[in-house]
Amino acid sequence: MNRQAQAVVLLLLGGSVLKASVTDVYLRYVKEGLRPFLIAAGVLLVAAALITLWYDLRGGGDDADAHAGHGHDSHDQPGGGPGPGGGHGHREPWVGWLLILPALGLLLISPPALGSFAAGQAGTALTGQEIDQFPPLPDGDPVTLTLLDYAGRAILDGGTTLGDRRIQLTGFTAPGPDGEAILARMTLSCCAADGRPIKLGMSGDAPTWLPPDSWVEVVGRYTTRLGKDPVSDVDIPYVEVESWRRIDPPKQPYE
């Protein structure tokens, strides 16, 4: 790969990182606090690409190309005749250009955030070690909680702090035990590579007929009913759904 091709690959990669960082697309892959680092990395990659192009177009790459050509001449046979390559030098396989596909994918396609498929491949993130004591619920009717907060209060606190309060939860639908729909949302420690799901069963007026990855906002109350995670065989709490509405995917898809 010559210098100009290297610069193009750098430019594509840096451009894809910048495009994702200055929009909300990056939130599909990493936590919100990493945006400044992504922007800095994208700027450095684009700058490196432009400097490489400028250097090469001004003729600064001639010496390197000549040196590379001399290296191929070293394979000539004694007596000055060309080697097995006929004097044309060695060409790298074209499969190397597949390295630009991830950058093009991020630029042109922007893969979606983790959803129901990822939730079905991992056990629920609630391990029983997150919180020793839960504070009282804030004011409001309904009170908005994350799925992790609701699951922790339902399993680890036995629903004591939930009581009979109306709870509002936001997540996406996913196939659960016995094929019934559950409410899920992914949690991140750093990036999508370490994403793990929080899963809640739904009873009552639940949106069981919606396809997977449908984002919904449900309002309901705590119930003592429990299910089993088919992946990790740990308890999954339920919520007794009183009402629900379908919503657009939120700007921040992870908890």
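Buried here means under 20% relative accessible area, exposed means over 50%, and partly exposed is anything in between (1.4 Å probe, protein chains only). This is a predicted model, where local features need pLDDT of at least 70 and side-chain atom pairs count only at pLDDT 80 or more, while totals for chains, interfaces and linings use all residues. Residues are numbered from 1 along each chain as its sequence is written, and side-chain values use heavy atoms, with hydrogens and water left out.

**View 1. The whole chain, before zooming in.**
The chain has six helices and six strands, which are DSSP runs numbered from the N terminus (helices: H or I, at least four residues; strands: E, at least two). Reading from the N terminus, the order is α-α-α-α-α-β-α-β-β-β-β-β. Of the 255 residues, 36% are buried. The exposed surface comes to about 14500 Å², with carbon and sulfur atoms supplying 59% of it; areas are from the Shrake-Rupley method with a 1.4 Å probe, and for residues only the protein chains shown count as cover.

Ala49 sits in helix α2 (residues 35-57), and it counts as buried because its relative accessibility is 0%. Leaving out residues up to four places away in sequence, Ala49 touches Ala7, Leu10 and Leu11, a contact being heavy atoms within 4.5 Å. Ala49 and Leu10 are 39 residues apart in sequence, yet their C-alpha atoms are 5.4 Å apart. Thr52 is also found in helix α2. Thr52 has 19% relative accessibility, so it counts as buried too. Beyond neighbours within four places in sequence, Thr52 is in contact with Arg3 and Ala7.

**View 2. Val9 on helix α1.**
Val9 belongs to helix α1 (residues 3-22). With a relative accessible area of 22%, Val9 is partly exposed. Leu99 is 90 residues away from Val9 in sequence, but 8.3 Å away in space, C-alpha to C-alpha.

**View 3. Tyr150 and the largest nonpolar core.**
A nonpolar core is a set of buried Ala, Val, Leu, Ile, Met, Phe, Trp, Tyr and Cys residues joined through side-chain atoms within 4.5 Å. The largest one has 23 residues, and Tyr150, Ile167, Leu169, Leu183 and Met202 touch the most other members. Two or more residues each come from α6 (147-155), β2 (167-175), β3 (181-187), β4 (196-204), β5 (215-228) and β6 (235-246). Helix α6 gives the most to this core, with four residues. Apart from this core lies another, of 11 residues, including Ile182 and Trp215.
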